[in-house]
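Here are my notes for anyone opening this one for the first time. Keep the viewer open and follow the points in order.

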Amino acid sequence: MKKLLVTGGAGFIGSEFVRQGVRRGYEIVVVDKLTYAGDLRRIKEVEKEITFYQADITDKEFMEHIFVKEKPYAVIHWAAESHVDRSIGDAFPFLETNVRGTQILFEISKRYRIERFINISTDEVYGELKGEGNFYETSPLNPNSPYSATKASADMLGRAYFRTFGVPVITVRPSNTYGPFQYPEKLIPVAISRAMDNKPVPIYAKGENVREWLYVKDCVSGTYAMLEKGRIGEVYNIGSGQERKNIDVVRRILSILGKSESLIEFVKDRPGHDFRYSLNSEKIKNELSFEAETGFYEGLEKTVRWYVDNEWWWRRLL
Ligand code: NAD
């Protein structure tokens, strides 16, 4: 049974990775600091089958102790400060966790033999598209927010530790991910929870910004494809090909919930707001035979239904 060390396994996507990992027969060790965004209730159903450490990835000594004790086959590094708006308010925790924390994990991985280091980056490292086209793995990185600048740094550190020290890094750049258990500060859960309470649903500017929406199960399945079949030293985009304007996402949510569009409230735009992200995902399709399979409307329906049925999880986070 292969042992995976999963950082950020109590977060939104990391917890789905943990739940799938148990079903796939992996031995899972989770390291999570449990910041405001981490929540053990996400992995309650598998708590008896995993090992959990509450730890900060920037704590080098303790992380080294975990590596020595657990001897993982691979590291899957999801832990991060992940919310762009918070990085605009205070970028320091982003530098600390996303850059310094990631570098510490690479340093330790250099010393203790692991077979794979899956470094989770993001489509936001490419910066924005104004018009047509999409980003390839070879496109230049042009991050525009403090969040994406720290993710680009971590992404490039992965490249450097592979080239210089042979750390077996595979870099993953997923597009905007959504689904159950997403913290109610991101667009989709904010819109659902506010609309359920008949409160105004805020949208930046006129809602024209475009994102490529990836259902969380697909994001995680794609990451397993990389863990199992990906080539070391390579970068892989994971997108869904399903682009939507923010305003259309919110309209659809209101329609699923049977709420009026008069709840929409346009607010002052986010500083530096990227207009459009779009990934070319041919590489993962051609090399690893992986394609996201959840349609956007299907995934959105499932997500809305999940928030309606699981108020116990998100209400106390508001
Ligand atoms: P999240 O904010 O829901 O979860 C992050 C987790 O990391 C939390 O459980 C938190 O407690 C933990 N964490 C934070 N700092 C830590 C530290 N110093 N030490 C240990 N644990 C720490 O994030 P998410 O949305 O699940 O994103 C997971 C990863 O995927 C991140 O690296 C993010 O950049 C990347 N990503 C997210 C998206 C998206 O749309 N959500 C898209 C592309 C890439």
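1. Which of the 29 residues around the ligand come nearest? They are Ile13, Asp32, Ser82, Tyr147 and Lys151. Before going further, keep in mind that this is a predicted model.

2. Now for the polar atoms of the ligand. One of its nitrogen atoms is 3.0 Å from a polar backbone atom of Lys33. A ligand nitrogen also sits 2.9 Å from an N or O atom in the side chain of Asp56. Then there is an oxygen atom of the ligand, 3.0 Å from a polar backbone atom of Trp78.

3. Trp78 turns up again when you look at Thr7. The backbone nitrogen of Trp78 is 3.0 Å from a polar atom of the Thr7 side chain, and the backbone nitrogen of Ala79 is likewise 3.0 Å from a polar atom of that side chain. Thr7 itself belongs to strand E1, residues 3-7.

4. Is Thr7 buried or exposed? Its relative accessible area is 0%, so Thr7 counts as buried. If you set aside neighbours within four places in sequence, the residues in contact with Thr7 are Val31, Ile57, Ile76, His77, Trp78, Ala79 and Leu105.

5. Next, find Val18 in helix H1, which runs over residues 12-23. Val18 is buried because its relative accessible area, 0%, falls under the 20% cut-off. Beyond its neighbours within four places in sequence, Val18 is in contact with Val6, Gly9, Ile28, Val30, Ile43, Val46 and Ile50. As for Leu5, it is 13 residues from Val18 along the chain, and their C-alpha atoms are separated by 9.9 Å.

6. Helix H6, residues 187-196, is mostly covered, with eight of its 10 residues buried. Those are Ile188, Pro189, Val190, Ala191, Ile192, Ser193, Ala195 and Met196. What do they pack against? On the strand side there are E7 (176-178), E8 (201-204) and E9 (210-215). The helices are H8 (246-257), H10 (296-309) and H11 (311-314). After H6 comes Asn198, with a positive phi near 55°.

7. From H6, the residues involved are Leu187, Ile188, Ala191, Ile192, Ala195 and Met196. They meet Asn246, Val249, Val250, Ile253, Leu254 and Leu257 in H8. Sorted by class, this contact has 11 nonpolar residues, one polar and no charged.

8. Why does the H6 list step along the helix in that way? An α-helix has 3.6 residues a turn, so residues three or four places apart point the same way. You can see such spacing in Ile188, Ala191 and Ala195, which are among the H6 residues that meet H8.

9. Last stop: Tyr136, in the loop between strand E5 (116-120) and helix H5 (146-165). With a relative accessible area of 43%, Tyr136 is partly exposed. Apart from neighbours within four places in sequence, Tyr136 is in contact with Tyr126, Asn237 and Asn280. Have a look at Lys283 too: Tyr136 and Lys283 are 147 residues apart in sequence, yet 8.8 Å apart in space from C-alpha to C-alpha.

Key: Residues are numbered from 1 along each chain as its sequence is written. This is a predicted model: local features need pLDDT of at least 70, side-chain atom pairs count only at pLDDT 80 or more; totals for chains, interfaces and linings use all residues. Side-chain values use heavy atoms; hydrogens and water are left out. Buried means under 20% relative accessible area, exposed over 50%, partly exposed in between (1.4 Å probe, protein chains only). Helices (H or I, at least four residues) and strands (E, at least two) are DSSP runs, numbered from the N terminus. Contact means heavy atoms within 4.5 Å. Ala, Val, Leu, Ile, Met, Phe, Trp, Tyr, Cys and Pro count as nonpolar, Asp, Glu, Lys and Arg as charged, and the others, Gly among them, as polar. A residue is near a molecule or strand if one of its heavy atoms lies within 4 Å of it. A polar contact is a pair of N or O atoms within 3.5 Å; within protein, one must be able to donate a hydrogen and the other to accept it, and residues adjacent in sequence count only if both atoms are side-chain atoms.
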